[in-house]
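Me: I would like to learn how to read a structure like this one. Can we take it feature by feature?

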Amino acid sequence: MFTLSKDRSKKGKELRMVVVETLQDMMKSDAQVVAMEADLGGASGFTKIQKSNPDRFIQCGISEANMTGVAAGLSVTGFKPYLHTFGPFASRRIYDQIFLSGAYAGNTMNIYGSDPGFTAGPNGGTHTTWEDVALMRAIPHAVVCDAADEVQLDWIIREFARMEGVHYIRANRKDVRNVYEKGSTFEMGKGNIVREGSDVLIISAGQLVSDALDCAEVLSKQGISVEVIDMFCIKPLDEELIIREAAGKKAVVTFENHSIIGGLGSAVAEVLAENNISVKFKRHGVKERFGAVGTPEFLQKEFRLTAEDLLQTVENTLK
């Protein structure tokens with residue numbers, strides 16, 4: 001069960017440290033958990049694991065495909081590997097290895113692709129991924145998540161250890177606003193209704209859930225009742241929730257830090273179309289763009305991923 005944060009203006013700890021501290025805690029009771037890095041231990045904080053648990057840390061260097069192969073070997077021998085690198089390297093660069101050495105071979109690997117979308121910031125276009133969810137959704141039986149905040153990220157990392165197969169989590173390295181109270185728990189494959197509403201349904205994931213809630217508050221002052229769903233688990237998708245909550249709505253809008261092709265918006269569109277649900281629908285995300293250099297705040301505006309941009313989309317969709 002989850003409880004919503006009493007103060008959404010506050011930020012939690014850096015998400016990279018949530019991953020590090022969660023893995024360190026898990027290692028105390030689970031001897032099979034192993035952390036792996038591709039020469040980004042300083043960026044991810046995994047060097048702290050290297051110091052605290054040197055026998056449970058593997059530095060693979062700038063060799064992401066090899067890291068994936070090593071993870072597959074660890075899985076064969078019963079270990080639970082957790083891999084980190086930046087989002088495009090954790091998905092695009094090593095896709096064939098994940099697909100074959102991971103999923104096809106029946107191995108388990110837990111992949112943390114950090115700084116998705118606009119959160120890549122000054123690292124620029126080469127380090128930006130607008131397509132990681134689309135790629136991972138296409139792998140049979142893969143689990144794909146986008147964490148809204150530190151509480152949810154902690155839960156997801158722990159839950160992955162209880163599962164077998166390929167699991168992908170995308171999340172910022174830096175701190176984000178709180179959505180949930182500490183102690184909240186979730187259910188893999190199930191979305192969370194974080195705001196009730198009767199006119200419009202916004203389905204979002206990741207740190208943009210906070211922006212979706214901001215947008216809903218503004219619309220409520222205009223007399224428009226907005227429901228917001230945190231679809232943190234994009235695959236498997238909570239189709240039942242989408243079908244039920246879309247019923248009777250004037251519009252459904254998806255909001256994602258990702259391309260509109262193949263991500264959350266596409267997944268929701270598939271559900272609506274295949275179940276003959278007639279409702280105004282709009283995918284709000286990135287359209288035919290590569291990444292760019294700038295602060296995350298600048299890039300969020302540049303790629304029209306702010307609460308104000310979403311507000312405009314909802315208003316236009318209702319016309």
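Predicted model: local features only at pLDDT ≥ 70, side-chain atom pairs only at ≥ 80, totals over all residues.

Reply: Start where two parts of the chain meet. The size of an interface is often given as the accessible area lost when the parts come together. Here, domain 1 and domain 2 bury about 2400 Å² between them, and carbon and sulfur atoms give 57% of that area.

Me: Which residues of domain 1 lose the most area to domain 2?
Reply: Phe118, Trp130 and Arg137 do. Together they make up 40% of what the domain 1 side buries.

Me: Where does the chain divide into domain 1 and domain 2?
Reply: Domain 1 covers 12-175, and domain 2 covers 190-316. Their C-alpha centres lie 25 Å apart. Domain 1 brings 31 residues to the contact, and domain 2 brings 34.

Me: How many salt bridges does the rule find across the interface of domain 1 and domain 2?
Reply: The rule finds 1. As for side chains that pair this way, Glu270 and Arg137 meet in a salt bridge at 3.0 Å, N to O. Arg137 is also one of the residues of domain 1 that lose the most area to domain 2. Polar contacts are counted separately: 17 residue pairs between the domains, both at pLDDT 80 or more.

Me: Which helices and strands each supply at least two residues of the domain 1 side that touches domain 2?
Reply: Helix H7 (132-137), strand E5 (143-146) and helix H8 (150-160) do. H7 gives the largest share, 5 residues. By class, this side of domain 1 has 17 nonpolar, 9 polar and 5 charged residues.

Me: Now a single residue. Is Arg170 buried or exposed?
Reply: Compare its relative accessibility with the cut-off: under 20% is buried. Arg170 counts as buried because its value is 1%. Arg170 sits in strand E6, residues 166-171.

Me: What does the side chain of Arg170 make a polar contact with?
Reply: The side chain of Asp146, at 3.0 Å. The Arg170 side chain also reaches the backbone oxygen of Asn257 at 3.1 Å. Beyond its sequence neighbours within four places, Arg170 is in contact with several residues, among them Gly113, Pro116, Thr129 and His258.

Me: And Leu201: where is its place?
Reply: Leu201 lies in strand E8, residues 200-204. Leu201 counts as buried because its relative accessibility is 0%. Setting aside neighbours within four places in sequence, its contacts include Glu227, Ile229, Ala246 and Val253. Val70 is 131 residues from Leu201 along the chain, and their C-alpha atoms are separated by 43 Å.

Note on methods
Residues numbered from 1 in each chain as written. Heavy atoms only, no water. Domains from an automatic or database assignment. Contact = heavy atoms within 4.5 Å. Buried area = accessible area lost by both parts, 1.4 Å probe. Salt bridge = Lys/Arg side-chain N within 4 Å of Asp/Glu carboxyl O. Polar contact = N/O pair within 3.5 Å; in protein donor to acceptor, adjacent residues only side chain to side chain. Helix = DSSP H or I, 4+ residues; strand = E, 2+ residues; numbered from the N terminus. Nonpolar A, V, L, I, M, F, W, Y, C, P; charged D, E, K, R; others polar. Buried < 20%, exposed > 50% of the residue type's maximum accessible area, 1.4 Å probe, protein only.
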